[in-house]
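Reader: I would like to go through the terms used for this model one at a time. For each term, please set the value against its cut-off.

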Amino acid sequence: MSGHRVRAITRRLLQGFRRDRRTLALLFVAPIVILGLLGYLMRGSTSSPSVGIANEDSGPLGVMVADALRHSSRITTTDISAADGDAKLKDGSLVAYIVLPSDFSRQAQSGNVAPEVHLEGSQPGVDAPVLQALQQAMITLASQVAGRNVNFQPQIKYLYGGKSYDTLDYFGAAFVGLVVFFLVFVITIVSFLNERSQGTLERLMASPLRRGEIVLGYMLGFTVIALVQAAEVLIFSLAVLKIQNQGSVLLIFGMEALMAIAAVNLGIFLSMFARSEFQAVQFIPLVVVPQMLLSGIIFPVSTEPKALQYLSDVLPLTYAVNGMRDIMVKGADLTWSSLQLDAGVVAGFCIVLIAAGTATLRRRLG
Amino acid sequence: MTDSYAVDVEGVSKSFGAFKALNGVNLRVRQGEIYGLLGPNGAGKTTLIRLICGLLAAHAGTVTVLGQRMPNVGVLRHIGYMTQQAALYPALSVEENVSFFAAINGADEGVKDALELVELYDRRASVVATLSGGLRQRCSLACALVHRPELLLLDEPTVGIDPQLRVQFWESFRRMAANGTTIIVSSHVMDEADRCQRLGLIQYGRLLAEGSPADIRAQGGSQNLEEAFLALAGRKES
Ligand SMILES: Nc1ncnc2c1ncn2[C@@H]1O[C@H](COP(=O)(O)OP(=O)(O)OP(=O)(O)O)[C@@H](O)[C@H]1O
Ligand SMILES: [Mg+2]
């Protein structure tokens with residue numbers, strides 16, 4: 001063991017960094033960006049779910065419970081009529097609504113209350129605050145109905161999912177698409193950089209190949225790989241993990257193909273900004289992690305701080321994830337306007353990225 | 001008349017930042033000629049070749065290839081470019097590499113001929129990553145000429161090639177030139193320079209001298225081409 005030789009290696013590494021400003025910047029900027037985002041998401045989140053209240057009680061107690069719910073810090077409430085409830089769950093303006101039936105006061109007097117709780121059901125984590133707020137309101141109620149023990153038995157109904165629907169179902173739907181997106185992104189950016197560093201790109205540029213032909217050829221090649229991968233992921237998820245799927249497998253496949261195309265072109269586009277594989281690898285946390293945090297995979301976009309919601313709205317992955325969930329959890333088909341929007345936006349991103357990838361692929365080296 | 005020249009470089013300058021890599025270079029190569037670019041490391045040979053095939057744009061001057069102002073995509077199918085480093089796909093076999101470059105140049109036949117020319121037909125199934133440096137160089141040459149281009153740009157094609165094969169390479173170059181192919185070849189090797197019809201001496205981005213090997217000998221005042229070259233290079237520098 002020679003200290004001199006060890007020092008030589010250490011020095012060589014640090015000297016390389018001194019020249020590679022970009023790597024240095026990424027090394028110090030990326031963690032702050034990622035941690036900052038995470039902090040803002042968790043602390044600044046406006047995560048009180050929107051809950052509708054339909055008070056049909058003819059007696060006095062319904063008003064009181066509704067009032068207690070309104071003042072709960074756990075949820076944000078709006079008054080609705082029970083008939084509108086399901087439509088509002090479907091369009092996403094509510095995550096739940098509570099119906100206090102017309103005989104609610106009478107039920108309370110007899111000691112057994114059964115308010116209806118309708119949950120949208122596809123987002124885990126929002127159900128708990130709704131039920132907690134109701135529980136709290138019931139405690140208030142019990143204190144008003146003197147001398148009696150009020151038995152509280154909410155009738156819970158799920159629009160989507162249901163009791164057997166768990167966290168894996170929720171995340172699984174998004175991850176099926178994500179895995180493909182990120183892996184295809186990584187192999188594209190690395191193989192495009194190889195093309196550059198091994199000198200073959202120079203040869204391609206000196207051949208009659210058009211830029212569009214290169215981009216299209218890459219796109220087809222990696223999309224084929226991505227689809228084989230997507231098939232594998234899908235079979236594993238559905239057959240082995242038994243992730244719930246209400247929708248058509250072909251639609252899932254179509255959505256995955258769109259995501260793969262977006263990923264390939266994002267890879268080509270970003271590889272133009274990296275001079276080495278070393279730098280390219282650093283795009284991965286910078287591209288992957290913020291998208292993971294902001295595309296609604298873990299934290300629903302509707303519970304993010306407002307400023308971050310704008311950011312989420314321009315990320316292609318937000319729409320892709322939403323689309324995958326619509327298909328797998330809600331059984332959406334192409335007649336649903338929300339799925340049309342998601343697929344349309346992802347397709348639009350593909351077109352923009354193809355144009356950007358083609359434009360950055362310059363024929364001239366300098 | 002520009003049309004009689006396969007390559008016509010007029011007053012071309014090219015800078016990288018503040019550094020002038022080429023400075024007012026004039027160069028004309030006739031069809032079917034073998035033109036040798038000589039010059040020390042960093043003289044600007046590769047830069048000039050890149051300008052000729054339109055990979056770089058000149059800051060001043062014009063480049064005309066086969067009657068077309070460069071850069072021009074249409075002309076590219078008539079150009080074969082062998083890069084200085086053997087630019088190949090390491091995961092593909094020799095034959096797959098050559099077939100790929102044939103296909104993107106719109107010529108699917110000729111793969112076998114090209115492989116036989118560089119004597120790699122027997123090794124056609126070998127994966128490029130497992131080849132020796134010289135074998136890679138040969139594969140790279142096959143990729144450059146598989147589509148039978150009218151203009152061959154060879155950037156130090158014989159580096160790492162053994163003497164017997166080098167002689168054969170030059171035989172083939174001469175045969176191609178006799179069939180009308182124009183060849184521009186950069187080199188450091190003087191006995192190769194002697195096989196060119198015309199030579200251009202580049203140093204510090206300028207064309208110092210031009211002419212047949214005999215002309216260069218006369219200009220440099222020496223029967224030995226290497227000495228003549230060194231004399232010319234030294235004279236301009238001082
Ligand atoms: N992209 C670039 N950026 C900055 N400088 C460059 C670039 N390309 C070439 N140069 C510089 O231009 C000069 C000429 O380079 P060029 O590659 O043409 O030399 P060459 O004659 O081919 O040398 P060699 O015999 O070593 O291959 C060199 O000093 C080189 O460092
Ligand atoms: Mg060179």
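Reader: What makes the side chain of B:Glu156 a polar contact of ligand 1?

Author: A polar side-chain atom of B:Glu156 is 3.3 Å from an oxygen atom of ligand 1. A polar contact is a pair of N or O atoms within 3.5 Å (within protein, one must be able to donate a hydrogen and the other to accept it, and residues adjacent in sequence count only if both atoms are side-chain atoms), so the pair qualifies. This is a predicted model, in which local features need pLDDT of at least 70 and side-chain atom pairs count only at pLDDT 80 or more, while totals for chains, interfaces and linings use all residues. Residues are numbered from 1 along each chain as its sequence is written, chains are lettered from A and ligands numbered from 1 in the order in which they are written, and side-chain values use heavy atoms, with hydrogens and water left out.

Reader: Which polar backbone atom is 2.9 Å from an oxygen atom of ligand 1, and what is the distance for the side chain of B:His188?

Author: The backbone atom belongs to B:Gly44. For an N or O atom in the side chain of B:His188, the distance to an oxygen atom of ligand 1 is 3.2 Å. The protein covers 64% of the 640 Å² of accessible area that ligand 1 has on its own (Shrake-Rupley method, 1.4 Å probe; for residues, only the protein chains shown count as cover).

Reader: Which residues come nearest to ligand 1, and which element gives the most to its shell?

Author: Of the 14 residues around ligand 1, the nearest are B:Gly42, B:Lys45, B:Thr46, B:Thr47 and B:Gln84; a residue is near a molecule or strand if one of its heavy atoms lies within 4 Å of it. H1(B) gives the most, with 3 residues. Helices (H or I, at least four residues) and strands (E, at least two) are DSSP runs, numbered from the N terminus.

Reader: How do you know that B:Thr46 and B:Gln84 coordinate the magnesium ion?

Author: Their atoms OG1 and OE1 lie at 1.9 to 2.2 Å from the ion, ligand 2. Donors are N, O and S atoms within 2.8 Å of the metal (3.2 Å for Na, K and Ca), so both atoms count. Water is not among the atoms, so sites may look incomplete. The pair links distant parts of the chain, 38 residues apart: B:Thr46 is in helix H1 and B:Gln84 in the loop between strand S6 (79-82) and helix H2 (94-104) of chain B.

Reader: Why is B:Gln84 called partly exposed, and why is B:Glu156 called buried?

Author: Buried means under 20% relative accessible area, exposed over 50%, and partly exposed in between (1.4 Å probe, protein chains only). B:Gln84 has 39%, so partly exposed is the term. B:Glu156 has 9%, so buried is the term. B:Glu156 is placed in the loop between strand S7 (151-155) and helix H5 (163-178) of chain B, and its phi is near 50°, a positive value in a residue other than glycine.

Reader: What makes S1(B) and S2(B) a pair?

Author: Two strands pair if DSSP finds at least two bridges between them. S1(B) and S2(B) run antiparallel and are joined by 8 bridges, so they pair. B:Ser15 stands opposite B:Lys20 in S2(B).

Reader: Why is the peptide bond from B:Met70 to B:Pro71 worth noting?

Author: The bond is cis, with omega near -5°, whereas most peptide bonds are trans. B:Pro71 is in the loop between strand S5 (68-69) and S6 of chain B.
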